[in-house]
Amino acid sequence: MNLLGKLTWSAIPFDQPIVMAATAMMVLTVVSVLAFVTWKGYWPYLWEEWLTSVDHKRIGVMYIVLALIMLLRGFSDAIMMRAQQAVAAGGAQGYLPPEHFDQVFSAHGTIMIFFMAMPFVIGLMNFVVPLQLGVRDMAFPTLNSVALWLTASGILLTNISLAIGEFAKTGWVAYPPLSELEFSPGVGVDYYLWALQISGVGTLMTGINFVATILKTRAPGMGYMRMPVFCWTALASNLLIVAAFPILTATFAMLLLDRYLGFHFFSTDAGGNAMMYVNLFWVWGHPEVYILILPAFGIFSEVIATFSGKPLFGYRSMVAATMVICVLSFLVWLHHFFTMGASANVNGFFGVMTMVIAVPTGVKVFNWLFTMYGGRVRFTVPVLWSIGFMVTFVIGGMTGVLMAVPPADFQLHNSLFLVAHFHNVIIGGVLFGVMAGYNYWFPKAFGFKLDERWGIASFWCWLVGFYIAFMPLYVLGLMGMTRRMQHYDNLAWQPWLLAAAVGVVIIMAGIACQIIQLVVSIRSRERLRAGGDPWNGRTLEWSTASPPPAWNFAVLPKVAEIDAYWSWKQRAQPAREPTQARDYKAIEAPKNTPTGFVTAFFAVVTGFALIWHIWWMAALGAIGAFATLLAFAFRDQEEIEIPAVQVARFDLAHQVEIAR
Amino acid sequence: MNIAVAIDDVDRQALPPASEAGPAPKRIVVAYGFWIFLLSDIVMFAALFAAYAVLRNATAGGPTGAQLFNQGSVAIETACLLASSYTCGLMSLAVNARNREATYLFAGITFVLGAVFLGLEIREFAGMIAADAAPQRSAFLSAFFTLVGCHGLHVSAGLIWLAVMMAQVELKGFRATVKRRLLCFSLFWHALDIIWVWLFTVVYLMGAAA
């Protein structure tokens with residue numbers, strides 16, 4: 001028996017210069033970051049204040065850091081694909097061989113959905129939701145930390161696949177029978193499956209945590225119809241996580257059983273049914289779209305209301321629209337494969353439902369427009385992203401409704417028209433949303449604003465770059481170009497693909513501007529210093545200091561209406577809740593714990609071992625994770641007490657700052 | 001019963017609506033969060049049930065459920081699991097009374113009943129595999145082993161959990177954390193019963209009829 005399973009030196013692709021260069025860069029970056037941290041002696045600080053932190057704000061920030069790094073990784077895949085398709089016309093084969101190109105588009109989709117968009121959205125929710133609810137933490141702080149680190153485990157495994165072995169060549173959906181062992185004998189699909197199973201467990205934990213937090217821990221007086229809209233959208237999104245992610249887990253488990261133990265769920269023989277995978281995948285997959293976009297809708301609602309200086313138009317209809325989308329999102333999955341060959345009635349039902357789900361979305365767009373109407377709109381960076389979203393997302397929505405018509409979809413299925421459509425809604429919706437949120441809440445997290453000029457430059461590069469990169473893909477789709485082509489013979493497509501490549505370069509400039517924005521802002525943070533309420537905000541997160549103390553609120557706020565903080569300010573009371581002489585009490589805060597980090601370490605060990613069939617190591621990893629859980633369960637001290645004096649000192653200083 | 005009386009005694013005007021009462025106590029939050037987890041777990045089973053429903057006739061020329069299932073053994077399994085839910089309930093009462101001996105006794109009975117259930121299930125599986133009805137034989141058998149096996153894995157996890165909890169009761173006594181965890185355990189154990197009732201109906205009863 002081989003002690004290292006399938007793992008040999010040949011797993012490292014020494015013969016592929018592009019992969020080795022990327023690997024070298026990745027390793028170099030990681031090593032230099034580690035060296036820097038060691039050299040500066042930051043380890044104790046990092047370990048005690050961040051890696052073991054159970055504070056929802058720190059966890060939120062770490063999620064967003066992961067998401068930003070993965071944005072770079074996923075985007076470099078995008079550049080490679082656009083460059084390949086720009087040159088590989090006629091007889092030319094471009095610079096990426098098919099087996100590499102296939103890994104690039106699979107990794108791009110997987111990373112952007114699971115490891116960029118999800119952590120970004122979850123990070124923003126983590127940071128904002130407890131503050132908006134006026135409470136001190138999530139319902140389950142340690143679970144939150146475990147969830148973060150399991151997500152990081154999935155990310156790590158996906159990136160290890162670059163250096164050791166390969167990634168899936170099946171596209172980010174990994175449809176069988178292609179993803180079965182018979183047709184994908186390598187470890188690529190296993191990397192995909194285990195990375196997503198591990199991070200999926202983390203996501204499910206997050207979903208449970210948020211539902212419990214939002215439904216059971218809100219500040220006194222905050223009834224459901226007084227919650228900020230972002231909290232409502234976070235609730236809807238997490239309800240969808242709880243209801244949809246277990247389906248993905250079950251589906252991937254079946255595929256794993258097929259691959260590892262020779263089961264026949266989706267195989268071509270012995271009665272397996274590959275279309276069942278496709279159905280189950282999209283029963284998760286379509287709600288997933290709304291898991292991502294609903295919080296983005298919430299961000300836009302907060303941004304538009306704040307910077308228009310008005311309450312959100314149609315709060316109740318916004319809440320209703322959110323919850324209607326939440327339910328309907330489970331009734332449209334079949335539109336991802338009208339071509340499966342279901343009966344006309346089935347296709348008709350799902351086509352109609354798809355059109356119906358556009359209605360509540362339309363309601364939302366009008367609500368935002370009417371909020372701005374008659375308002376004194378301040379055109380800050382978050383507002384630019386929001387307006388860019390409204391225009392772009394409506395276009396993407398309309399192409400979506402077009403494809404909801406089954407006969408039209410038969411023509412457009414798997415063409416670049418589809419690729420253009422979902423990038424139009426995911427970039428124009430989710431990405432613009434998280435960028436608006438990033439600029440909007442950054443001062444709350446760090447106490448200083450992001451530089452406005454670089455922010456504006458970044459927005460325009462992204463917006464213009466997006467249109468130049470993706471509008472040509474609609475044309476190409478109508479011209480008949482299918483997705484995921486490593487090369488093509490039709491020379492008439494090439495000019496459009498060249499244009500798309502130019503668009504990607506412009507987006508790259510936008511990303512560069514964002515990096516510069518961050519660096520410039522950190523360097524001139526004294527000039528950009530922001531108080532607790534830099535935007536004249538409406539919701540409770542702006543009532544506390546920036547950055548907020550570990551306990552968020554010295555005294556839990558009492559809420560009597562929507563936009564609680566705004567109404568306190570309107571009543572010209574000293575910019576806070578009614579202040580009687582405050583009675584400060586000691587606060588019990590959850591104790592930091594390395595449980596999450598250590599569990600994730602063992603999860604990576606187990607995942608890696610399973611991918612390479614190193615069974616003894618998988619067993620060790622699983623035992624390690626279980627032992628970590630036991631150690632946590634048997635700890636004696638669960639909370640630390642923050643003395644009343646410390647709380648009082650901080651809060652009084654904050655009040656002095658407000659008075660100034 | 002006494003809870004209802006207590007609420008009736010309070011002047012309703014004085015209480016804010018439950019949704020405006022501020023953060024719920026830890027015990028409520030934990031149990032609520034665990035309910036949400038159980039719902040997600042049931043969704044996962046729903047996916048496995050769906051797969052089973054799709055594949056139940058895909059026997060690929062191999063044995064069918066009617067040929068394989070031994071109703072007698074399954075009836076004993078069911079009886080064990082339902083009885084273990086009852087003793088689990090008795091354990092919860094003992095925990096509330098902070099009675100260690102009764103807790104250990106009923107936890108022990110629950111454990112034994114769960115272990116007997118698992119033993120019978122493993123015997124059934126082993127028998128099927130020996131009779132050329134392994135999960136690799138057909139899609140129907142893949143779905144059967146996965147669905148029933150997933151429930152069995154849950155029961156195994158429950159047994160480990162129960163053992164750990166008894167160690168906690170012994171070492172830490174009935175402190176708040178331990179009591180919350182025992183509450184979650186009993187929710188979990190009862191939920192496994194609910195899933196088994198569906199499983200028994202859909203797989204064994206309907207399978208035997210087909």
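The points below comment on a predicted model with chains A and B.

1. Overall make-up of chain B. Chain B holds seven helices and zero strands, and its order along the sequence reads α-α-α-α-α-α-α. Taken along the principal axes, the C-alpha atoms of chain B fill a box of roughly 70 × 40 × 25 Å. Of its 210 residues, 49% count as buried. As for contacts in chain B between residues at least 6 apart in sequence, 81% of them join residues at least 24 apart.

2. B:T87. This threonine is found in helix α4 of chain B, residues 71-96. B:T87 counts as buried because its relative accessibility is 8%, and the cut-off for buried is under 20%. Its side chain is joined to that of B:T110 by a polar contact of 2.9 Å. Leaving out residues up to four places away in sequence, B:T87 touches B:T110 together with B:F106, B:I109 and B:L113.

3. B:L192. Helix α7 of chain B, residues 176-209, contains B:L192. With a relative accessibility of 2%, B:L192 is classed as buried. Which residues does B:L192 touch, not counting those up to four places away in sequence? They are B:L81, B:H151, B:H154 and B:V155. For one of these, B:H151, the separation from B:L192 is 41 residues in sequence and 7.3 Å in space, C-alpha to C-alpha.

4. Helices α4 and α7 of chain A. Two packed helices are described by the angle between their axes and the distance between the axes. For α4(A), residues 98-133, and α7(A), residues 229-261, the axes come within 10 Å and cross at roughly 135°. The pair is therefore oblique, since the label roughly antiparallel is kept for angles over 145 degrees. The crossing of α4(A) past α7(A) is left-handed. On the α4(A) side the contact is made by A:F114, A:M118, A:L124, A:M125, A:V128, A:V129, A:Q132 and A:L133. The α7(A) side contributes A:F230, A:C231, A:A234, A:S237, A:N238, A:I241, A:F245 and A:L248. By class, the residues of this contact divide into 13 nonpolar, three polar and no charged.

5. Helices α13 and α14 of chain A. Helix α13(A) spans residues 416-446 and helix α14(A) spans residues 452-478; they pack at an angle of about 160°, with their axes 7 Å apart. That angle makes α13(A) roughly antiparallel to α14(A). Here too the crossing is described as left-handed. Residues of α13(A) in the contact include A:L416, A:F417, A:N424, A:I427, A:L431 and A:F432. Those of α14(A) include A:W462, A:L463, A:F466, A:F470 and A:Y474. The contact residues divide into 16 nonpolar, four polar and no charged.

6. A:T392. This residue lies in helix α11 of chain A, residues 381-403. A:T392 counts as buried, with 0% relative accessibility. Not counting residues up to four places away in sequence, A:T392 touches A:N424, A:G428, A:F432, A:L463, A:F466 and A:Y467. Among these, A:N424 and A:F432 also take part in the contact between α13(A) and α14(A) from the α13(A) side, and A:L463 and A:F466 from the α14(A) side.

7. Cis peptide bonds. Most residues other than glycine have a negative phi, and most peptide bonds are trans. A:P177 lies in the loop between α5 (141-163) and α6 (188-216) of chain A. Another is the bond from A:S546 to A:P547, with omega near -10°. The loop between α15 (494-523) and α16 (564-570) of chain A holds A:P547.

8. Positive phi values. A:A174 has a phi near 50°, a positive value in a residue other than glycine. Like A:P177, A:A174 lies in the loop between α5 and α6 of chain A. Its relative accessible area is 0%, so A:A174 is buried. In chain B, B:A60 has a positive phi of about 50° although it is not a glycine. B:A60 is placed in the loop between α2 (26-55) and α3 (65-68) of chain B. Is B:A60 buried or partly exposed? At 38% relative accessibility it counts as partly exposed.

Notes:
Residues are numbered from 1 along each chain as its sequence is written. Chains are lettered from A and ligands numbered from 1 in the order in which they are written. This is a predicted model: local features need pLDDT of at least 70, side-chain atom pairs count only at pLDDT 80 or more; totals for chains, interfaces and linings use all residues. Side-chain values use heavy atoms; hydrogens and water are left out. Axes are lines fitted to C-alpha atoms, for helices over the stretch in contact, and angles run from 0 to 180 degrees between N-to-C directions. Helices (H or I, at least four residues) and strands (E, at least two) are DSSP runs, numbered from the N terminus. Angles under 35 degrees count as roughly parallel, over 145 as roughly antiparallel, 65 to 115 as roughly perpendicular and the rest as oblique. A crossing is left-handed if the near helix is turned anticlockwise from the far one by less than a right angle, and right-handed if clockwise. Contact means heavy atoms within 4.5 Å. Ala, Val, Leu, Ile, Met, Phe, Trp, Tyr, Cys and Pro count as nonpolar, Asp, Glu, Lys and Arg as charged, and the others, Gly among them, as polar. Buried means under 20% relative accessible area, exposed over 50%, partly exposed in between (1.4 Å probe, protein chains only). A polar contact is a pair of N or O atoms within 3.5 Å; within protein, one must be able to donate a hydrogen and the other to accept it, and residues adjacent in sequence count only if both atoms are side-chain atoms.
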